[in-house]
Every structure is written in structure tokens, then in C-alpha cells.
Amino acid sequence: MASGDVQSDESLYPIAVLIDELRNEDVQLRLNSIKKLSTIALALGVERTRSELIPFLTDTIYDEDEVLLALAEQLGTFTQLVGGESYVHVLLPPLESLAQVEETIVRDKAVESLRTLAPQHSTTDLETYFVPTVKRLAQGDWFTSRTSASGLISVCYARVSNHVKGELRQLFKSLCQDDTPMVRRAAAAKLGEFAKVVEPEYLRQEFVPLFTNLANDEQDSVRLLAVEAGIAMAGLFRHEDLEQQMMQTLRSATEDKSWRVRYVVADKLVDLQKAVGPEITKNDLVGAYSSLLKDPEAEVRAAAASKLKDFCNNLSADTREQIIMSQILPCVKDMVGDMNQHVKSALASVIMGLSPILGKDNTLEHLLPLFLNQLKDDYPEVRLNIISNLECINEVIGVRQLSQSLLPAIVELASDAKWRVRLGIIEYMPLLAGQLGPEFFDEKLSSLCMSWLTDHVFAIREAATNNLKKLVEKFGRDWAQNTVIPKVIQLARDQNYLYRMTCLFAINILAEPCGQEITQRMMLPTVITLAGDAVANVRFNVAKTLQRIYPVLDSSALAMHVKPCLEKLTQDVDHDVQYFASEAYEKIIEAL
């Protein structure tokens with residue numbers, strides 16, 4: 001029996017160490033111990049955890065923020081460790097203390113844990129333990145506790161008695177009218193969530209006035225959160241009540257003096273549109289959207305522009321085209337020439353989505369000129385966004401029409417005098433190829449891609465070889481051997497040694513996607529031929545190419561063609577050629 005006690009004591013020794021570490025001066029040791037809190041609780045058992053560990057934790061709340069953060073997170077998972085849902089309320093005191101600390105991130109984590117624990121309380125325990133905790137926090141002297149209370153009222157509201165519900169609504173009302181902006185901000189952030197669980201009659205009587213007051217608050221940080229709450233609340237009203245109760249406040253938010261509030265309206269406009277329905281959208285939101293598209297602040301215009309496609313799609317089908325053409329498109333035309341690149345980029349990412357909505361004739365007459373302007377924009381992101389969405393317009397006007405209008409602009413950019421512009425277009429080519437398909441690409445853009453291989457700027461030639469690899473991966477090996485490789489091999493006979501080197505660079509990159517059979521049959525003979533080139537730079541690049549492509553080749557090709565070629569190059573008159581040939585030769589010998 002005595003030996004059993006000794007064993008028991010020994011098994012608890014590590015736990016004693018962990019508990020000692022909770023009191024240690026070293027922050028890291030305390031943090032490690034907090035992270036192992038569940039191990040300590042398991043060893044102590046549920047009774048000792050409830051009677052000793054939790055009170056100890058409640059008394060030692062004064063610590064470094066990272067330790068408190070870890071503690072707040074751990075306590076949210078402690079229900080089974082204190083004996084299940086019947087005892088979950090014993091976790092409330094330490095979390096209540098944590099919900100009052102100065103550091104926001106700790107408070108937020110404590111509130112998150114309390115919100116997790118709320119549904120685990122029985123209805124009786126909610127009223128006996130949880131609601132008093134919320135009341136104490138809501139009536140605390142420090143704003144920190146009152147901000148935490150805002151996030152806890154909605155999670156317990158639905159399951160308490162009518163009398164307690166009335167008290168909770170009154171508490172929330174006092175938080176919305178608090179003298180401290182931080183508390184009002186916290187209440188505004190939870191207004192929409194709480195509105196979803198209150199009864200409809202209180203929604204009209206009590207919550208609409210709260211929303212109106214918060215939406216007219218002197219602090220813009222409160223107003224913008226109130227607008228988000230108002231959009232969430234809008235979905236809870238019938239459309240006829242909505243106009244009467246809330247639209248006036250939401251309308252005025254689109255003209256708020258703070259750009260941050262207008263930004264939130266622009267960002268959430270599609271959600272509001274879905275909540276209010278087509279009639280209010282037509283009467284109120286279309287005008288509001290037009291003014292947001294013309295807003296003096298670039299951030300607001302960019303947010304509004306990014307919603308263009310979704311907003312137009314959600315308009316009522318019978319009036320959609322007329323509204324877009326008369327009210328929205330004029331604003332869009334102005335935005336194409338906007339001074340801010342982020343606005344233009346946001347617009348370019350969605351403007352193509354108008355094509356399916358407006359149809360072929362309107363696209364050709366009104367949208368194509370805008371697309372052409374954007375394709376010539378100074379900012380590469382704007383051009384990329386247009387090219388990456390060509391599929392939308394392709395479906396509406398067809399690939400032939402597309403080739404007559406937009407492709408000349410792309411070809412023009414591809415031959416631009418500024419090499420950086422040419423480089424930008426090369427990077428878009430694989431994207432364009434995927435949208436046009438191989439036949440059309442061969443007809444219109446294949447020769448352009450090959451011409452880049454002989455560009456006078458090395459960066460363009462290098463990008464062109466990488467581009468060929470992506471095209472081969474997209475269109476397949478048959479396309480490569482019929483279209484690309486013959487033109488690459490042709491470069492080996494060019495008068496300019498730089499282009500003969502480009503041929504080798506292209507083979508380096510194409511060998512892997514083209515595979516063994518095509519590489520050995522079509523490309524390897526060209527590499528071997530160039531080993532006899534008069535220019536030393538070409539010869540040592542042959543050695544480098546053979547070193548790069550040898551994993552693709554079979555052993556007979558290595559023995560019959562590659563090894564003799566490299567043996568010859570190791571005896572070359574040029575020292576650089578000898579060096580690279582010897583390096584490649586060693587690799588080949590290892591492979592054989």
C-alpha cells in the first residue's frame with residue numbers, strides 16, 4: 001500500500017513542477033505551463049481542478065499579456081476537465097477577470113471563450129451564473145469590461161426568461177449610449193448580431209432607434225460599424241417596413257462626411273441590395289451607387305468599382321439594361337480615365353462582366369472602346385485584369401469579332417518601343433492562349449511569340465523562352481513539334497550568334513515538357529551541330545544545355561551522341577568551353 005502511495009506521489013511530481021512553473025518569474029516557463037494546463041487538470045481530476053486549480057488561476061490573473069492570452073484560450077476548452085456541462089459555470093470567474101484586462105487581444109479571446117461556454121450552460125445556470133457575469137461586466141467602472149459585455153448579451157438572450165430578456169435589452173441600450181466611444185463601438189459591432197435574436201416587436205420599438213443614434217454618432221468609427229449592423233438588420237424587415245424604418249438613415253450614410261463610412265457602404269452595397277429588394281434598389285440604391293462611383297476619395301471609388309458586376313447582375317431584369325445604360329455606364333466611362341491606378345485596376349477586374357448583361361450590340365458600341373483604352377493603360381495591373389477576363393466578352397461577341405477589335409491592341413503593345421511594355425504582354429500570353437484556343441492562337445499570335453525570340457533585348461528573349469514552355473504545357477506536345485520546335489531549330493542557322501544561343505536557351509526549357517522522344521528526335525541533333533559553332537560562347541552553352549537536358553535522354557543517346565560531343569569539347573581551344581564541358585561530362589559519366 002505504501003509503495004502504491006509512493007508511485008502515486010511520483011506520478012504527480014511532474015504536475016507539481018508544472019504548477020510551480022505557473023508561479024515562476026520566467027515568462028516563458030509560465031507560458032509553457034499555461035499551454036499544458038489541460039495536462040495538469042487531467043492529473044488533478046475534476047474535483048481538484050474545480051476546487052484548487054481554477055481558484056488559483058482566478059487569483060493569479062495579473063501577468064504578461066501573452067500568458068493571459070494563452071490562459072483565456074485554454075479555459076474555453078475546459079468544460080470536460082471540470083466535470084462537464086453541469087459545472088461549466090466554475091470557469092466564469094477567471095474568464096470574467098480576463099474580460100476586463102487592458103490588452104484588447106486578451107479581452108477578445110476571453111469573450112470568445114465565454115461565447116463558446118454560454119450554450120453549454122443549462123437554462124437555470126445561464127440565469128444563475130452567466131447573466132450575472134454579463135451584468136457585472138456591463139456595469140463595470142472601466143470601459144474594458146463594458147466593451148466585453150457587448151459581445152456576450154446576444155449569446156444568452158434566446159434561452160432566458162422574458163423578465164431577464166428585458167434586463168438584457170436595457171443593458172445593451174445603455175452600452176449603445178455609453179459615454180466612451182470604445183464601448184459604443186463595441187455595441188455597434190454587435191448590434192446586427194443581437195437584432196437577429198430579438199423578437200420582431202422589439203426590433204422596431206427599441207433597435208431601430210438604437211441603430212439611428214449610432215449611425216449619427218459623432219465618431220466615424222462608431223458610424224461605420226452601425227452601417228454594417230444596419231445592413232444586417234435590413235434583411236430582418238419586410239420591404240414596406242424597411243422604407244419607413246431604416247432607409248433614410250442608410251441613404252444618408254452614402255453621403256457621410258467621413259470617407260471611411262462611405263467606404264463601408266460601397267463595400268457592403270451588394271449585401272444591402274439583396275436585403276432591400278429590387279424596388280428600393282431602383283429608387284434609392286442606384287443613385288447612391290452612382291454617387292459612390294464619383295466619390296472624391298479613391299478608396300471609396302475603388303470599393304464601388306469592384307462591386308460593379310455584382311450590383312448590375314442583381315438589378316431587376318426588366319429595368320437592368322436601361323438603368324445601366326442611363327445611370328451607371330456614364331460613371332464607368334469617366335472611371336476608365338481615373339487618376340488613381342487602384343480604381344482603374346478594380347474597374348478592369350469586373351468591367352468585362354457587363355458584356356453578358358448588356359448583350360452584343362451594346363458591348364460593341366459602348367464597352368469595346370473602354371476595353372481598348374484599358375488595354376493601353378500605363379499600369380500593367382489594369383492591362384492584366386482586362387486580358388485575364390477576355391473570356392466574358394469572347395462568349396458575347398465571339399472570337400472573330402474579338403480578333404478584329406482587341407487583338408490589334410494587344411499586338412500593338414507587343415511591339416511597343418518600351419521593352420518593359422513588351423515584357424508585360426509576354427507574361428500575359430499563356431493566359432490569352434488558354435482563352436483563345438490553339439487554332440486561333442496559331443493564326444493570330446504564334447508568329448508574335450516566335451518574333452520575341454529574336455528581340456534585341458535579352459530580358460525579352462529570356463521571357464519568350466519561358467513563355468514557350470507555358471504554351472507547350474497548355475497546348476501539348478503535338479502542338480509543340482508542329483508549331484514551336486521547327487521555328488526554334490531554325491534559329492540555330494541564324495547569322496547572329498545571340499539568336500543561336502537563344503535557340504539553346506529555348507531547348508533547355510522545352511526539353512522537359514516535350515519529353516524524351518521529341519527531344520531526342522528533333523532537338524538533340526541541333527545541339528550537337530552547334531557544338532562545332534565558330535563562337536566560343538555558343539560552344540560552352542552547348543555544354544551547359546547538354547548538362548541541363550541529359551535527364552530527359554535515354555542511355556543510348558547519352559552514349560552515342562552526348563558523351564562523344566562533350567569529350568570533343570573538353571579538348572576545345574577555349575578555356576571556358578573546356579571548363580563547362582568537363583563539368584557536364586562528369587555528370588553524364590555518373591548517369592551512365
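## Terms and model

Helices here are DSSP runs of H or I with at least four residues, and strands are runs of E with at least two, numbered from the N terminus. This is a predicted model, in which local features need pLDDT of at least 70 and side-chain atom pairs count only at pLDDT 80 or more, while totals for chains, interfaces and linings use all residues. Residues are numbered from 1 along each chain as its sequence is written, and side-chain values use heavy atoms, with hydrogens and water left out.

A pocket is an open set of points on a 1 Å grid over the protein atoms alone, where a 1.4 Å probe fits, with protein on both sides within 12 Å along at least five of seven lines; its lining residues have an atom within 4 Å of a point. Volume is the space filled by probe spheres set on the points, which are joined across faces, edges and corners.

## The largest pocket

Let's start with the largest pocket, which holds about 320 Å³ of space. Its lining has 16 residues, with T104, D108, T147, S148 and A186 nearest the centre. Two or more lining residues come from each of α7 (104-117), α9 (143-150) and α12 (181-195), and α7 has the largest share, 6 residues.

By class, this lining has 6 charged, 5 polar and 5 nonpolar residues (charged: Asp, Glu, Lys and Arg; nonpolar: Ala, Val, Leu, Ile, Met, Phe, Trp, Tyr, Cys and Pro; polar: the others, Gly among them).

## The second largest pocket

Next comes the second largest pocket, with a volume of about 190 Å³. Among its lining residues are F458, E462, F505, N541 and R548. At least two lining residues come from each of α28 (458-475), α30 (497-530) and α31 (536-549); α28 gives the most, 4 residues. The lining of this pocket divides into 4 polar, 3 nonpolar and 3 charged residues.
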